[in-house]
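Here is a short report on one protein chain.

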Amino acid sequence: MTATIIDGKSVAANVRRNCRARVDDLWRRFGASPGLAVIMVGDNPASTVYVRKKIQACADVGIKSHKFLFSATESQDVVIAKIQELSADPDIHGILVQLPLPKHFDLKAVLGAIDREKDVDGFHLYNVGGLVVGETVFPPCTPYGVMLLLDNAGVEIAGRNAVVVGASNIVGKPMALMLMQREATVSVCHVKTRDLAQFTILADILIVAAGCPNLITGPMVKSGAVVIDVGINRLANGQLVGDCDFDAVRKRASMITPVPGGVGPMTVTMLLVNTINSAARSLNLAHEDFVFEEL
Ligand code: NAD
């Protein structure tokens with residue numbers, strides 16, 4: 001068997017076209033323009049690249065972005081004051097704090113300062129709690145993007161065995177909750193899991209988000225499984241790879257996401273979706289006036 005490639009770039013491009021149309025529609029019918037504030041503290045090189053990509057993606061679909069840069073030595077109070085100011089600004093519909101923050105910051109206090117109605121990354125406790133009961137306002141972007149890839153590829157979720165490797169607050173845990181909400185039977189593995197292969201081999205849907213190159217080898221994958229590789233790892237030779245031994249896993253799986261070009265393009269795209277939805281929510285539009293589920 002050779003797995004079909006799930007082309008995240010092409011799905012993301014379709015969603016972004018949809019985003020552009022929604023932004024134009026909001027402007028034409030309501031004179032409203034979605035606005036995203038991006039806060040970055042320090043000059044972590046990876047964060048600088050991610051922030052640039054997010055700002056570019058906003059520009060591509062017509063979202064107004066506003067970047068706020070603070071030095072790594074800035075006090076937490078100053079950053080929180082900015083978040084509070086943006087939370088009260090009616091032209092701002094989404095507030096994103098680029099992570100990681102410098103060590104002297106209390107992550108909970110910073111994320112908690114974001115108005116939960118503008119928490120487009122979905123990291124505020126209110127949105128995390130909403131996820132548990134299946135009613136979150138802003139699903140976190142990476143697992144949200146994975147769900148869209150699965151749906152777009154026509155993967156049946158209810159009743160299937162889903163195994164999530166990685167249990168972070170940003171990817172693994174929300175991923176597991178979203179799959180559970182769709183009635184998959186979900187197992188979550190992490191660095192302390194004993195005999196990882198014993199779990200992965202049972203997966204009809206295997207989602208890997210550990211940050212370890214070649215963690216998942218061919219024999220660990222059930223024949224015909226759908227494999228979503230969230231990992232992004234830079235090897236010493238500069239190559240970007242996921243967490244799967246791609247060539248070996250591709251021979252066992254029925255579908256697989258590549259790295260790069262799989263989950264990555266979806267993450268930023270779902271941030272756009274959340275920001276546009278937030279702008280629509282701020283207008284109190286009736287559901288039928290603004291439906292974004294049909295992506
Ligand atoms: P993290 O470091 O916060 O969490 C990693 C998780 O993987 C932990 O739960 C840990 O227990 C588990 N883990 C680590 N080593 C393991 C092992 N050997 N066996 C089993 N489990 C193991 O990382 P994160 O923020 O969740 O990100 C995970 C990966 O996904 C990273 O490579 C990151 O770059 C990537 N990522 C990609 C996107 C994207 O858009 N494609 C978005 C976010 C994160």
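## Terms and model

Helices and strands here are DSSP runs, numbered from the N terminus; a helix has at least four residues and a strand at least two. This is a predicted model.

## The largest pocket

Which helix gives the most to the lining of the largest pocket? Helix α2 does, with 9 residues.

The largest pocket holds about 1300 Å³ of space. Its lining counts 46 residues. Closest to the pocket centre are Tyr50, Thr142, Ile232, Gly264 and Thr267.

## Two domains

The chain is divided into domain 1, residues 30–115, and domain 2, residues 141–264. Taken over C-alpha atoms, the domain centres are 29 Å apart.

## Nonpolar cores

The largest nonpolar core has 53 residues. Within this core, Leu150, Leu179, Ile207 and Ile228 touch the most other members. Helix α10 (residues 264–282) is the top contributor, giving 9 residues. Both domains take part: domain 1 (30–115) and domain 2 (141–264) each supply at least three residues.

What does Ile207 touch, leaving aside residues up to four places away in sequence? Its partners are Val146, Leu150, Val163, Val164, Val165, Met175, Leu179, Ile228 and Val230. Leu150, Leu179 and Ile228 from that list are also among the residues that touch the most other core members.

A second core of 18 residues is separate. Phe70, Ile83, Ile95 and Leu111 are included in this second core.

## Helix α5

Helix α5 spans residues 125–132. Asn127, Gly130 and Leu131 are buried in this helix. Seen down the helix axis, the buried residues of α5 fall within an arc of 105 degrees, so they line one face. Leu125 and Val132 lie on the other side of α5 and are exposed. Buried means under 20% relative accessible area, and exposed means over 50%.

What covers the buried residues of α5? The cover includes helix α7 (172–181). Just after α5 comes Gly134, with a positive phi of about 75 degrees.

Note on methods: Residues are numbered from 1 along each chain as its sequence is written. This is a predicted model: local features need pLDDT of at least 70, side-chain atom pairs count only at pLDDT 80 or more; totals for chains, interfaces and linings use all residues. Side-chain values use heavy atoms; hydrogens and water are left out. A nonpolar core is a set of buried Ala, Val, Leu, Ile, Met, Phe, Trp, Tyr and Cys residues joined through side-chain atoms within 4.5 Å. Buried means under 20% relative accessible area, exposed over 50%, partly exposed in between (1.4 Å probe, protein chains only). Domain bounds come from an automatic or database domain assignment. Contact means heavy atoms within 4.5 Å. The arc is that of the directions from the helix axis to the C-beta atoms. On a 1 Å grid over the protein atoms alone, a cavity is a set of points where a 1.4 Å probe fits but cannot get out, and a pocket is an open set with protein on both sides within 12 Å along at least five of seven lines; lining residues have an atom within 4 Å of a point. Grid points are joined across faces, edges and corners, and a volume is the space filled by probe spheres set on the points.
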